[in-house]
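Let's take a walk through this structure together, from the overall build down to a few details of the backbone. Keep the viewer open and follow along.

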2 protein chains.
Amino acid sequence: MEKFELHILGCGSALPTTRHFPTSQVLNVREKLFMIDCGEGAQMQLRKSKLKFSRLNHIFISHLHGDHCFGLLSLISTFGLLGRTADLHIHAPEGVEKLFQPMLDFFCNHLPYQVFFHEFSTNNPLEIYSDRSLTVTTIPLCHRIPCCGFLFEEKPRSRHIIRDMVDFYQVPVFELNRIKNGADYITPEGELIPNFKLTRAPYPVRKYAYCSDTIYYKNIIEQIRGVDLLFHEATFAQSEANRAKETFHTTAAQAGKIALDAGVGKLIIGHFSARYEEEDVLLKEAAAIFPHTILAKETLSVNL
Amino acid sequence: MEKFELHILGCGSALPTTRHFPTSQVLNVREKLFMIDCGEGAQMQLRKSKLKFSRLNHIFISHLHGDHCFGLLSLISTFGLLGRTADLHIHAPEGVEKLFQPMLDFFCNHLPYQVFFHEFSTNNPLEIYSDRSLTVTTIPLCHRIPCCGFLFEEKPRSRHIIRDMVDFYQVPVFELNRIKNGADYITPEGELIPNFKLTRAPYPVRKYAYCSDTIYYKNIIEQIRGVDLLFHEATFAQSEANRAKETFHTTAAQAGKIALDAGVGKLIIGHFSARYEEEDVLLKEAAAIFPHTILAKETLSVNL
């Protein structure tokens with residue numbers, strides 16, 4: 001199966017600790033890398049992850065809080081030093097370009113490549129990226145400033161050819177694309193070979209939803225229903241539910257509830273408050289509600 | 001002896017590696033902390049160092065290249081989250097405020113403390129900081145953009161009272177300050193007690209010079225003559241002397257030569273190019289010329 005793998009570069013919250021970097025992740029979809037948020041140190045963590053810098057062309061920023069984007073300048077600068085020539089696209093809420101472009105003009109004024117900012121409004125779900133195999137759609141969240149998550153969704157794939165059967169019926173090559181797309185085959189003798197004899201169903205499409213930062217927000221449930229993997233912030237434990245609400249964050253129990261209600265395959269929680277020396281309390285809380293929960297951790301990768 | 005201690009937070013060059021953070025140091029002078037440069041991750045390294053954030057009120061930036069200042073925003077933001085109330089002073093070459101203030105206004109708009117930028121011209125040595133016990137003077141360097149090092153210099157201290165002798169002659173308390181400053185004492189009977197019987201010479205003043213980034217630049221020698229500790233960049237080995245010159249950096253051998261010619265006590269080299277997996281080659285090269293050389297390293301501290 002082709003690669004669809006999430007790498008955690010940082011999963012702390014605004015106050016970094018000696019245990020966690022601020023938020024950053026990379027999703028590897030068939031060897032194309034998509035960065036999600038870019039907190040301080042993201043490029044150093046990316047280097048540690050051994051992922052290939054040159055495979056990364058798109059960065060998605062959930063919101064303009066420092067712990068989700070202060071790593072951008074160093075990363076852009078480093079890509080320049082490494083001789084990158086491919087365009088780099090930064091997708092972020094409105095305002096990003098006005099903030100970062102003057103810094104880039106000063107600090108990165110001789111880049112051998114171009115940086116493009118693509119701004120989006122966070123009010124409604126928007127498809128902000130699409131290629132042959134993937135779409136990325138924003139997931140409106142509810143935080144102290146405009147913020148949204150991202151839904152990464154594989155495009156439906158064509159059916160798999162059963163090689164032996166195609167050979168048996170001596171199907172000519174030019175027919176293969178039609179057959180992959182579900183067509184039957186008619187032999188030169190006029191015999192109809194139904195598609196199901198020649199192909200197998202494609203692998204189901206895989207979906208990853210990233211939701212951080214946000215208050216407990218049921219509106220997202222429909223949009224993320226049935227995703228294979230959900231990353232949801234769980235900044236606090238339920239004992240700090242008031243604090244979570246005040247700061248527009250989620251508790252681990254609430255993250256578990258979202259995962260349960262949305263019927264996702266697996267939940268990964270992160271964006272841990274610095275107050276938790278041991279995040280097991282958060283894991284237990286979420287897993288009590290949604291058993292297929294794991295803790296985010298720097299260098300962790302999850303293969304779908 | 002009162003504290004005069006250098007802490008290395010990062011000693012890599014522009015391209016970070018998995019071994020090094022970009023440049024940042026903290027000088028602890030009698031429990032006041034002075035940060036020198038603030039590359040990405042400086043605040044995380046500061047946290048690892050266990051130095052007290054609240055003791056840090058002044059940051060000195062050598063030049064406006066990203067690997068020397070991209071850590072500022074996160075650090076300022078974190079200090080805010082930690083509830084800092086004391087002013088923070090950032091001393092940096094001209095232009096720093098225009099670049100960073102808009103970012104602060106956006107990302108750190110509710111800080112519980114104030115940030116002040118103090119800009120300086122890098123053309124001539126300038127005393128940019130002074131308190132009861134210390135002065136900081138810029139050291140003009142020669143790099144691709146305006147850049148200077150910093151000379152940290154203790155102020156001369158008063159002489160040490162010899163307690164036993166002061167008791168023996170029954171010197172009244174109000175005379176002590178005069179005596180510390182070198183005055184003799186005249187007893188009520190009119191006997192002159194010369195100062196040298198009552199005091200010992202003060203500890204010699206200690207000096208630390210930080211020189212990075214710069215081409216091999218002999219002009220600095222007079223200003224740093226005789227310092228106890230010199231940090232000098234040694235980005236390259238002598239085999240890359242041409243590359244060093246082109247990029248306005250120094251080789252390890254050249255750093256050794258500067259240390260030798262300036263008659264410093266000890267040399268610490270850093271700002272290592274990412275190309276050196278092992279910096280021993282740089283150490284050997286500098287130490288062949290100036291034996292009292294050590295390699296900078298994250299978490300290293302040097303006590304003077």
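Predicted model: local features only at pLDDT ≥ 70, side-chain atom pairs only at ≥ 80, totals over all residues.

In it, B:Glu31 has a phi near 70°, which is a positive value in a residue other than glycine. This glutamate is partly exposed, with a relative accessible area of 38%.

Now zoom out to chain A. Its 304 residues are 56% buried, and the chain has 11 helices and 18 strands. Along the principal axes, the C-alpha atoms of chain A fill a box of roughly 75 × 50 × 35 Å. As for the surface, chain A exposes about 13,200 Å², and carbon and sulfur atoms supply 51% of that.

Next, look at where the two chains meet. The size of an interface is often given as the accessible area lost when the parts come together. For chain A and chain B, the buried area is about 2,700 Å², with carbon and sulfur atoms giving 76% of it. Which elements of chain A take part? Helix 4 of chain A gives the most, with six residues. Sort the residues on this side of chain A by type and you get 19 nonpolar, 10 polar and three charged. In total, the contact takes 32 residues from chain A and 32 residues from chain B.

Among the buried ones are B:Leu72, B:Leu75, B:Ile76 and B:Phe79. Just after the helix, B:Gly83 takes a positive phi of about 80°.

On to the charged pairs. Side chains of opposite charge can pair when their charged atoms come close. Over all chains, a search of the whole structure finds 27 salt bridges. One of them joins A:Arg30 to A:Glu2, with the closest N and O atoms 3.8 Å apart. A:Arg30 lies in the loop between strand 2 (24-29) and strand 3 (32-38) of chain A, and A:Glu2 in the segment before strand 1 (4-10), so the pair ties together parts that are 28 residues apart in sequence. Both partners are partly exposed: A:Arg30 has a relative accessible area of 22%, and A:Glu2 has one of 40%.

A:Arg30 also meets A:Glu154 in a salt bridge, at 3.1 Å from N to O. Here the glutamate is in strand 9 (residues 148-154) of chain A, so this pair ties together parts that are 124 residues apart in sequence. A:Glu154 is buried, with a relative accessible area of 3%. In chain B, B:Arg30 forms a salt bridge with B:Glu154, again with the closest N and O atoms 3.1 Å apart. B:Arg30 is partly exposed at 23% relative accessible area, whereas B:Glu154 counts as buried at 3%. Back in chain A, salt bridges that share partners join A:Glu2, A:Arg30, A:Glu154, A:Arg157 and A:Arg206 into one network.

Finally, a few backbone details. Where is there a cis peptide bond in chain A? Look from A:Ser212 to A:Asp213, where omega is near -5°. A:Asp213 lies in the loop between strand 14 (207-211) and helix 8 (221-224) of chain A. In chain B, the bond from B:Ser212 to B:Asp213 is cis too, with omega near 0°. The last stop is A:Phe248, a residue other than glycine with a positive phi, near 60°. You'll find A:Phe248 in the loop between helix 9 (241-246) and helix 10 (252-262) of chain A, partly exposed at 28% relative accessible area.

How values were computed: Residues numbered from 1 in each chain as written. Chains lettered and ligands numbered in written order. Heavy atoms only, no water. Contact = heavy atoms within 4.5 Å. Buried area = accessible area lost by both parts, 1.4 Å probe. Helix = DSSP H or I, 4+ residues; strand = E, 2+ residues; numbered from the N terminus. Nonpolar A, V, L, I, M, F, W, Y, C, P; charged D, E, K, R; others polar. Buried < 20%, exposed > 50% of the residue type's maximum accessible area, 1.4 Å probe, protein only. Areas by Shrake-Rupley, 256 points an atom, 1.4 Å probe, with all protein chains shown as cover. Salt bridge = Lys/Arg side-chain N within 4 Å of Asp/Glu carboxyl O.
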